[in-house]
Amino acid sequence: MSVKGRVKFISLLPVLLAVVFLSGFSKCIPGKGDGSKLGRPLRVGVVTWPGYAGGIAANNGFAPNKDCIYWTKYGQTVQFLLMEDVDVRNKAFAKGGEDGVDIVWSTVDFWANELPAFVKDGVKARAVMQVDWSRGGDAIVVDPSIQKIEDLKGKKISLALFTPSHWFLEYSLENSRLDESEQAEIVKNLVGKNASPDARADFVARKVDAAVVWEPDVTEALSKRPGSKVLVSSKEAANLIADIMVAREDFIKEHPDVIKAFVQGWLDGAVEANRNTDKVVRLLMDNEPVYKDLGEAGTRATVPTVKLADLSDNTQMFGLDGSDPLFDRIFKQAGQAWVKRGYIQSTVTPDQAKDLTFLKEIFAANPVSGASGPVVRPSGDVENRGAIMSKPVTIVFPSGGSTLDSNAEQLLDQVATLAQTYSGAIIRIEGNTDNVGNAGANKLLSEKRAEEVKKFLVDHYHIDPSRLVTKGNGPDKPVKPNTDEAGRAANRRTDIEVVAAK
């Protein structure tokens, strides 16, 4: 996750001096004409978040130096700069060079929101790699009255606007039973904030019923508001919020060797960081004030809330092995959501938003399988456990039959996306019928239809079958009275429900 709040930006010189002091490097800091590919340090804008540990490990800190992977393996010095303020970050990115930044953070969902404005202003840019997945670091915290996403109707919710927290809520609403008008009403009444701590403060003060926040605010919210709980987090939505690094097209064309060195070095750093948590904790505390304040125990607790992306994650994200790219699915869906709410006027295509040149070169030299996501095994009574959210899908079967037609298969593409993004959860497929005919036969038919949906998702989208639980309700769970054809048609549905694995 990326947009970690909009705080007052401190000028670059004090930040650099602070970073140099905190890092404690004894070596000289390379500057202009430092002998690297670019002739100066590559400048990279980031925010406070453990998901950037791969790059920080590759650079052995924030300050440019020659005691690091970036220099010793790839001949490039790198300088990381904390840029929490989005507007300052945008201006620095547009300017580029020694007075700006060459590469900046984003997330797939945020990139769909901000790229159209960049393009309109004449700044063409592309994502060049994925750097992490949020795996529990983002969450919707709620009071005891809220048991599922549909219960957010009529509630007050606080969050940092236009951040991945905003996207998390939008995606959850879109994949719920709430209709368009109900979703719009929830969004209309959001208590918008500039940063996660502000949303958490609203929740702790009981000004709102729910808040969408990121760590460490998730933990603080739960500890300071007795009875509160996590409704859903990126632990369940494990393939929804992903950080990426983006560079301007002109810089990519002028310095392809530098971009490749940056990408390869970061991937190497991610491997190092994934096997050396102690080093990650030290680097975060030495280079980012928030982690110094959190202390070792607090910093260490944040590390497992992200999955640092390696080449296998990038293979899955961008389809380097020819598979369906998750980037395209998330980017399109986020863009459509932002347009629907009026936050942007139009979208751009996924192909306009990414440059896979460097990842493809690295993959060609060392092909790997795409990441399979977290291993999830159902436990307890998942067949009857309360759902986090429920998405009704109208799949029309022939009368008395259980064979999917072409229209149903197109609808199941949406279900596949939900199953792929909520890869840390169980997907329960519930078949339902109207009350016409024998109840026992209808129950058996609904079970067959649910199994047919499961088979399609496994065969066509390679969803782990152990994550797919089927159930046939027959006519026992109507959503409308079976008194006319309209009501009976509404009851001949398939419910796709997201259920916590434990």
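**Close-up views of the predicted model**

**Figure 1. The residue after helix 18.** Just after helix 18, His462 adopts a positive phi of about 60 degrees. Helices (H or I, at least four residues) and strands (E, at least two) are DSSP runs, numbered from the N terminus. The model is predicted, so that local features require pLDDT of at least 70 and side-chain atom pairs count only at pLDDT 80 or more, whereas totals for chains, interfaces and linings use all residues. Residues are numbered from 1 along each chain as its sequence is written, and side-chain values use heavy atoms, with hydrogens and water left out. His462 belongs to the loop between helix 18 and strand 14. His462 counts as exposed because its relative accessibility is 66%; the classes are buried (under 20% relative accessible area), exposed (over 50%) and partly exposed (in between), computed with a 1.4 Å probe on protein chains only.

Figure 2. Helix 18 covers residues 439–461, and its 23 residues should span 33 Å at 1.5 Å a residue; the end C-alpha atoms are 33 Å apart, which agrees. The expected span is 1.5 Å times one less than the number of residues in the helix. At the start of helix 18, a side-chain oxygen of Asn438 comes to within 2.9 Å of the backbone nitrogen of Gly440. This is a polar contact, defined as a pair of N or O atoms within 3.5 Å; within protein, one atom must be able to donate a hydrogen and the other to accept it, and residues adjacent in sequence count only if both atoms are side-chain atoms. The buried residues of the helix are Asn442, Leu445, Ser446, Arg449, Ala450, Val453, Lys454, Phe456, Leu457 and Tyr461. These buried residues pack against helix 15 (326–340), helix 17 (406–421), strand 13 (426–431) and strand 14 (468–472), where contact means heavy atoms within 4.5 Å.

Figure 3. The search of the whole structure finds one cavity of 30 Å³ or more. The largest cavity holds about 40 Å³ of space. A cavity is a set of points, on a 1 Å grid over the protein atoms alone, where a 1.4 Å probe fits but cannot get out; lining residues have an atom within 4 Å of a point. Grid points are joined across faces, edges and corners, and the volume is the space filled by probe spheres set on the points. Arg449 lines the largest cavity together with Ile395, Phe397, Gly431, Asn432, Arg492, Arg493 and Thr494. By class, this lining comprises two nonpolar, three polar and three charged residues. Ala, Val, Leu, Ile, Met, Phe, Trp, Tyr, Cys and Pro count as nonpolar, Asp, Glu, Lys and Arg as charged, and the others, Gly among them, as polar.

**Figure 4. Asn491 in helix 19.** Asn491 lies in helix 19 (residues 485–491) and is buried, with a relative accessible area of 0%. A polar atom of the Asn491 side chain is 2.7 Å from the backbone oxygen of Lys480. Residues up to four places away in sequence aside, Asn491 touches Asn432, Thr433, Asp434, Pro478, Val479, Lys480, Pro481 and Asn482.

Figure 5. Ten of the eleven residues of helix 6 (residues 164–174) are buried, so the helix is largely enclosed by the rest of the structure. The buried residues are Pro164, Ser165, His166, Trp167, Phe168, Leu169, Glu170, Tyr171, Ser172 and Leu173. Phe162 is placed in the loop between strand 6 (157–160) and helix 6. Although not a glycine, Phe162 has a positive phi of about 65 degrees. Most residues other than glycine have a negative phi. Phe162 counts as partly exposed, at 26% relative accessibility.

**Figure 6. Met389 in strand 12.** Met389 is in strand 12 (residues 389–393) and is buried, with a relative accessible area of 1%. Apart from neighbours within four places in sequence, Met389 is in contact with Ile149, Glu150, Ser172, Asn175, Tyr422, Ile496, Glu497 and Val498.

**Figure 7. Asn59 in helix 2.** Asn59 is part of helix 2 (residues 53–59) and counts as buried at 0% relative accessibility. Beyond residues up to four places away in sequence, Asn59 touches Asn65, Cys68, Tyr70, Val78 and Phe80.

**Figure 8. Ala221 in helix 9.** Ala221 is located in helix 9 (residues 217–224) and is buried, with a relative accessible area of 0%. Not counting residues up to four places away in sequence, Ala221 touches Val141, Arg200, Phe203, Val204 and Ser228.

Terms used: 1 Å grid on protein atoms, 1.4 Å probe; cavity = no way out; pocket = protein on both sides within 12 Å on 5 of 7 lines; lining within 4 Å.
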